[in-house]
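Please read these notes with the model open beside them. They are numbered so that each point can be checked in turn.

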Amino acid sequence: MNDKFNYIDSIEKKLINYRRDFHKYAESGWSEFRSTSKIIQILEDLGYDLYYGLDIIEPSVVMGRGNDNYVKEQIDRAIKQGASKEIIDKMKGYTGVVAVLDTKIEGPTIAFRFDIDANDVIESTEEDHRPYVEGYCSVNKGMMHACGHDGHAAIGLGLAHTIIRYKKELKGKIKLIFQPAEEGVRGAKAIVHKGVVNDVDYFLTGHLGFNLESGSFAPMTKDFLSTTKIDVEYKGKGSHAGAAPNEGNNALLAASAAVLNIHAIPPHKDGVTRVNVGVLNAGVGRNVIAPNALMKIETRGENSDLNEYVYRKTINILENIANMYDLNIIIKKMGESITVNCDENFSKVIEKEVLQIKEIKNIIPNKILGGSEDASFMMDKVQKKGGKSSYMVFGTKIAAGHHNEKFDFDESVLGTAVKVYTKLLFKFNRKWN
Ligand SMILES: [Zn+2]
Ligand SMILES: [Zn+2]
């Protein structure tokens, strides 16, 4: 493996440049037109078979995507920032790309998944924030790579280069999935519905950071929370607050009642549940009975049943209060993910392999994630078809917490992660042993 590791060391500068380019042109979920276009150009040059647009995205299960005008604005911006118009035309409004290398030699199908979206965060422009000081701070206001997916995209490209260089030594089929819209858990389900992971025997993905020091590595994670994100609109009737209050249907009062009742849903004896109304906007003017209200709500549970419990209760409250106040209600699902367990035996194999990488100095056997991740849809599908899945964590020193405006990470993790993925690829898909 030393030849591969030396090669990966030799492309470190390239990985950092990729990462900083994605960082500078950060794009939030379902807007990753420039990022996708750049990734496609690189993978095309390397000779992969590429699938994108409606080949990999099922529009009917796409969640939390902006309206057509918003998408058009994002496309125009991306083209101004260097995306290929020709490639974007073929994307049909949907971001993300899957690269396939079929060696035509019998062997397993292995898939690697990298999320590529940024967060809705305004990046810091203070003198202690390296991306600002070194000139690769986001130029797209309100969009920032504050979770490290710029790194994930760069790692995916590093792996793509390494695979092509050593492809004569490989068997089976290799899939590189560059997934849009992980933030808010919106993108993975649409890819799973197109059958992209149906034939996968080994599925690997992961995240950098999460409070693991540089040199630490977790071969598996546990306790993904199952979650559902919804936008809820109440539509009532406006009227004169002084002259005809009885003629209005008050959406603001209804939403207020809903918020208090939702937050009073009892916890469940079987495990962790969460519910949060994070946004409530209502009303149009001081002397008008409020005709409208918008709530952004999320529910979570330690497993899918617990999430379902708190979700059902939430919907029940919302619908009954709408009824009480004579309102119309519109509920839109904006994101969703499920609970999944990594395969323990698979993670033992991973652990044994990565210990041969000198940059990995410390193994955390089972990292608790605590949040939600929509890779869970892919992992679950692979497992149901008899394959193995794992979600790993690559330690790296971070400058601030994930989703913070000063998030940044130690870029040496890029090469280390490419080595981990390469080592595992050669474990399962090496032509000879
Ligand atoms: Zn995140
Ligand atoms: Zn993330």
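**Notes on the model**

1. Strand E8 (residues 226-235) is largely enclosed by the rest of the structure, because seven of its ten residues are buried. Buried here means that 20 or more other C-beta atoms lie within 10 Å of the residue's own; exposed means 12 or fewer, partly exposed is in between, and C-beta atoms are placed from the backbone. Strands (E, at least two residues) and helices (H or I, at least four) are DSSP runs, numbered from the N terminus.

2. This is a predicted model, in which local features need pLDDT of at least 70 and side-chain atom pairs count only at pLDDT 80 or more, while totals for chains, interfaces and linings use all residues. Residues are numbered from 1 along each chain as its sequence is written, and chains are lettered from A and ligands numbered from 1 in the order in which they are written.

3. Which strands pair with E8? Strand E10 (residues 292-301) is antiparallel to E8, with ten bridges between them; strand E11 (residues 328-337) also runs antiparallel to E8, joined by nine bridges. Two strands pair if DSSP finds at least two bridges between them. Lys-229 has Glu-298 in E10 as its bridge partner, and Tyr-234 is opposite Ile-329 in E11.

4. The protein chain is split into domain 1 (2-224 + 340-429) and domain 2 (226-337), with bounds that come from an automatic or database domain assignment. Their C-alpha centres are 35 Å apart. Eleven residues from domain 1 and eight residues from domain 2 make the contact, where two residues are in contact if their C-beta atoms, placed from the backbone, lie within 7 Å.

5. Helix H11 (residues 344-354) has Phe-346, Ser-347, Ile-350 and Val-354 buried. These residues lie on the same side of H11, because they cover an arc of only 95° around the axis; the arc is that of the directions from the helix axis to the C-beta atoms. Asn-345 and Lys-352, on the other side of H11, are exposed. The buried residues of H11 pack against strand E6 (216-218), strand E14 (388-394) and helix H13 (412-429).
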